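Please keep the sequence and the coordinates at hand while reading.

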Amino acid sequence: MKTHYKTLIISDLHLGTSGSKAKELGRFLKLHTCETLILNGDIIDGWQLKKSGKWRRKHTRFFTRMLKMIEQDNTKVFYLRGNHDDFLDQILPLQIGNLHIQKDLLYESADKKYWITHGDIFDSVTSQFRWIAYLGDQGYTFLLWLNKWLNYHRRRRGLPYFSLSQYVKARVKSAVSYIDDFEQELAKMARAKGCDGIICGHIHKAENRMIDGIHYLNSGDWVETMSALAEDEAGNWQVIYYHEAGGQKAVPEQETETLPEQEQEAASKPADTAWAAGLKTVAFSAFLSPHASDPRKDTP
Ligand SMILES: [Mn+2]
C-alpha cells in the first residue's frame, strides 16, 4: 500500500557522484504517490560530472522512476535548478507536458504562500564562511569517502555507525553559525517576497520550524540523511526520513563499493565521544585549512 501525499519535495540528490543515494530514493518514491513532486535543486551534480563523477545506470533509473510517476499517477513534476545543476539555467523555463523545469516556484497551499528555491542565493548575500565552501567541494567528497571507510572499520569492530560529516558540521563553530545564518536569511527573503514560508535545500539539513513568524522548511538531502518534505491534503508539512518511511537499509553496491550503512538514528547520536574527540584534530587539520583562505572560489 502506497502512502499518498499532496506534495513531496526532495533536493540534493547529487546524481553523478558516488555518494548519491539514487537507489534508495527510487525505493522511497515507489512507496509513495503524490499530486506534485518538487525536485528542489542539486539533483544532478554537474560540477562533479565535469570533474571526476560518473553517470551510472541507477542515476538514469531515477529519471525513469520520475517519468513513471508522471505517466501512471499523473504527477506534476517541478525540477528547480540548484547551484550544482546550474547548467539548467540555459534551458529554463521549460515545460514538457507535466514536467516543468524552472528557477524557483511560488507555491500556494491552505491559504499560505511559500517561496520554493534551492537556497544557494544565500551564498551571494553573505560574506560568512560557509561550511561546505570551507571544506571545498572535493573536501566534502573526501569526507564522505572517509566516512564510509571509517564506518566499515567501526562495524567490523562491532561499533555503531558514526557520521563524521554530521559530527564536523555540528562541532565547527563557523558551520553552526553558517546554518543558523542561512535559515534566518532565507526566512527574511521569504518575508520580503510577501510569503508565509520558505522551502529550500542546499545545506543538507532537513528542518520544519517557525522563524520569526515565517515557516522555514528544508528538504535535507539524499547523500546522507535521506530525507524529504511531505505535505498532506490539509496543508500540513512534515520531514520524513527514508528509514522511517519503510525503506530498507542501504545495500552494498558493487559498482560504487558503497558499504552497508546502519540506521540513521545511530548517526544522530555519536555514542562514544571519547573516540570522537580524537577526530576533531584530524578533521580540522585535514579538511579545513586548505580551503579556508578562499571561501568564494568553490561554492557548495
Ligand atoms: Mn546546493
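A residue is called buried if 20 or more other C-beta atoms lie within 10 Å of its own, exposed if 12 or fewer do, and partly exposed in between, with C-beta atoms placed from the backbone. By that criterion, buried residues make up 42% of the 300 residues in the protein. The model is predicted, and local features need pLDDT of at least 70, side-chain atom pairs count only at pLDDT 80 or more, and totals for chains, interfaces and linings use all residues. Numbering starts from 1 along each chain as its sequence is written.

The secondary structure comprises nine helices and 12 strands. Helices (H or I, at least four residues) and strands (E, at least two) are DSSP runs, numbered from the N terminus. A contact requires the C-beta atoms of two residues, placed from the backbone, to lie within 7 Å. Of the contacts with a separation of 6 or more, 69% are between residues 24 or more positions apart.

Two sheets can be traced in turn. Two strands count as paired if DSSP finds at least two bridges between them.

Ser 227 belongs to strand S11 (residues 227-231). Is Ser 227 buried or exposed? Ser 227 counts as buried because it has 27 C-beta neighbours inside 10 Å. Not counting residues up to four places away in sequence, Ser 227 touches Ala 206, Ser 219, Gly 220, Asp 221, Val 239, Ile 240 and Tyr 241. The C-alpha atoms of Ser 227 and Tyr 242 are 6.1 Å apart, although 15 residues separate the two along the chain.

The other open sheet has five strands in the order S6-S7-S8-S10-S9, again with mixed pairing. Strand S6 (105-109) and strand S9 (207-211) each have a single partner strand, so one side of each is left without a neighbour in the sheet. Here neighbouring strands are turned by 20° against each other on average, direction ignored. S6 and S7 run antiparallel and are joined by five bridges; Ser 109 has Lys 112 in S7 as its bridge partner. Two residues lie between the strands of this hairpin, where Ala 110 takes a positive phi near 45°. Strand S7 (residues 112-116) runs parallel to strand S8 (residues 197-200), to which three bridges join it. In that pair, Ile 116 stands opposite Ile 199, and Tyr 114 has Gly 197 as its bridge partner.

In H3, His 59, Phe 62, Met 66 and Met 69 are buried. Seen down the axis of H3, the buried residues fall within an arc of 70°, so they line one face of the helix; the arc is that of the directions from the helix axis to the C-beta atoms. An α-helix has 3.6 residues a turn, so residues three or four places apart point the same way. What covers the buried residues of H3 includes helix H1 (22-30), strand S2 (32-40) and S3. On the other side of H3, Arg 57, Thr 60, Thr 64, Glu 71 and Gln 72 are exposed. Just after the helix, Asn 74 takes a positive phi of about 60°.

A nonpolar core is a set of buried Ala, Val, Leu, Ile, Met, Phe, Trp, Tyr and Cys residues joined through C-beta atoms within 7 Å. The largest nonpolar core has 48 residues, of which Leu 8, Ile 10, Leu 25, Leu 39, Leu 186, Ile 198 and Ile 199 touch the most other members. Helix H7 (residues 173-192) supplies the largest share of this core, five residues. Apart from this core lies another, of five residues, including Leu 143, Tyr 161, Leu 164 and Val 168.

Notes:
Axes fitted to C-alpha atoms, helices over the stretch in contact; angles between N-to-C directions.
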